[in-house]
Amino acid sequence: TTTTTTTKLPYCPVSTITDFMRCGDGTFCNTLNAAIGGWACCGAKGRAACPSSKPVMCALKTCGGDFCCDLLSVNCAAAGGPLNPNNCPFPLTTTTSTTRTTTRTTTRTTTRTT
């Protein structure tokens, strides 16, 4: 018997690295590094995933022409609310767990001599 459970995420995926955004070309950039643009570090590549320090991507591109990232979804109110997971710029990740049950039958033959 195999049971597979898939859970959709309520928001867009986030970068796996604190304070680093994932850009549209798959690279990561540090939002705290002002020398490379800070929150504008993805530039024309665009934001694909918010950093885990501000995991909620807002629906409207009101942050320098790109999606805003915030700590709480309620803070996205002025930017159209949280972005619908079906519209994420980066492919939606799902969590899948699979459980398998295997039954094995073993036959043992013993011979006794008396």
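Predicted model: local features only at pLDDT ≥ 70, side-chain atom pairs only at ≥ 80, totals over all residues.
1. Cysteine pairing. A disulfide is a covalent bond between the sulfur atoms of two cysteines. Three of these links are discussed below.

2. Cys-12 and Cys-88. These two cysteines are joined by a disulfide with an S to S distance of 2.0 Å. Cys-12 lies in the loop between strand 1 (2-8) and strand 2, and Cys-88 in the loop between strand 6 (69-70) and strand 7 (94-100), so the bond ties together parts that are 76 residues apart in sequence. The torsion about the S-S bond is about -100°, and the disulfide is therefore left-handed. Cys-12 is buried at 6% relative accessibility, and Cys-88 is also buried, with a relative accessible area of 14%.

3. Cys-23 and Cys-42. The sulfur atoms of this disulfide are 2.1 Å apart. The pair links distant parts of the chain, with Cys-23 in strand 2 and Cys-42 in the loop between strand 3 and strand 4, 19 residues apart. Because the torsion about the S-S bond is about -85°, this disulfide is left-handed. Cys-23 has a relative accessible area of 1% and is buried; Cys-42 counts as buried at 3%.

4. Cys-63 and Cys-68. A disulfide joins these residues, with an S to S distance of 1.8 Å. The link is right-handed, with 100° about the S-S bond. Are its two ends buried or partly exposed? Cys-63 counts as partly exposed at 30% relative accessibility, whereas Cys-68 is buried at 9%.

5. The salt bridge. The structure holds one salt bridge. It is formed by the side chains of Lys-45 and Asp-25, at 3.9 Å from N to O. This pair, too, links distant parts of the chain: Lys-45 sits in the loop between strand 3 (28-30) and strand 4 (47-49), and Asp-25 in the loop between strand 2 (20-23) and strand 3, 20 residues apart. Lys-45 is partly exposed, with a relative accessible area of 40%. Asp-25 is likewise partly exposed, at 46%.

6. Confidence. The average pLDDT of the protein is 80, and 70% of the residues score at least 70. Over residues 92-98 the pLDDT stays under 50. For that stretch the model has 21 contacts beyond four places in sequence.

Notes:
Residues numbered from 1 in each chain as written. Heavy atoms only, no water. Salt bridge = Lys/Arg side-chain N within 4 Å of Asp/Glu carboxyl O. Helix = DSSP H or I, 4+ residues; strand = E, 2+ residues; numbered from the N terminus. Buried < 20%, exposed > 50% of the residue type's maximum accessible area, 1.4 Å probe, protein only. pLDDT = per-residue confidence, 0-100. Contact = heavy atoms within 4.5 Å. Disulfide = S-S within 2.5 Å.
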